[in-house]
Amino acid sequence: MTAGAISPIPKEARPFQGQRAGLVTRLIANTVDGVVVALVALGIWAGAAVTRFLLHPRSFTIPKASLLLQTTVVLFLLVVYLCVGWATTGRTYGAHVMGLRVVNFRGGRLRPLTALVRSAFCVFFPIGLFWVPASRSNRSLQDTVLRSSVIYDWNRRAPWLHVPEVPVAPSAPDAETFE
């Protein structure tokens, strides 16, 4: 980082940067992600209702889906959401809010297949998260099996994206230097 640049990492959080996250932080991030996916599913349902109304306004009824279909759609959305987030930037919205990133055993990006397997593993076996307090290295069962980690990372960009940071503009010259 250049001199005079402002760090994106809060001063209090700097000692934790790069450390593996604990259970509570991960649970909060997962709750935020669950709310995001629930809102997306609700938006899909609302879109179906509006489309049905526009196509057949006189015979409109609110669409009803079976519990099996609703559950399947939500689980599918959750797997895709987690997979895309982890395979691209290493984080979902919940992870972004909590300053977390999912990385592979070398600290890099998860491969798409690993991200897909990890997301399915997390969605269909969520109790594996409760291995975190028992693990000396704060890893869930999913992390242990797939050799991944959830770390604290407050940087805006993933380290593997190689996008140059925008340089900080020099401070304005003092008024007395102008003539």
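In which helix is the place of L27?

1. L27 belongs to helix α1, which spans residues 23-55 (helices are DSSP runs of H or I with at least four residues, numbered from the N terminus). The model is predicted, so local features need pLDDT of at least 70 and side-chain atom pairs pLDDT 80 or more, while totals for chains, interfaces and linings use all residues. Residues are numbered from 1 along each chain as its sequence is written, and side-chain values use heavy atoms, with hydrogens and water left out.

2. L27 is partly exposed at 31% relative accessibility (buried is under 20%, exposed over 50%, partly exposed in between, with a 1.4 Å probe and protein chains only).

3. Across the whole structure, 4 aromatic pairs are found (ring centres within 6.5 Å; planes under 30 degrees apart are stacked, over 60 edge-to-face, the rest tilted). F53 and F60 form an edge-to-face pair, 5.4 Å centre to centre with 90 degrees between the planes. F53 is partly exposed at 41% relative accessible area, and F60 is partly exposed at 29%.

4. F16, Y152 and W154 are linked into a cluster by ring pairs.

5. The charged end of R118 sits over the ring of W86, 4.4 Å from its centre (CZ of Arg or NZ of Lys within 6 Å of the ring centre and within 35 degrees of the ring normal). R147 lies over the face of F105, 3.8 Å from the ring centre.

Key. Phe/Tyr/Trp six-rings, centres within 6.5 Å; stacked < 30°, edge-to-face > 60°. Helix = DSSP H or I, 4+ residues; strand = E, 2+ residues; numbered from the N terminus.
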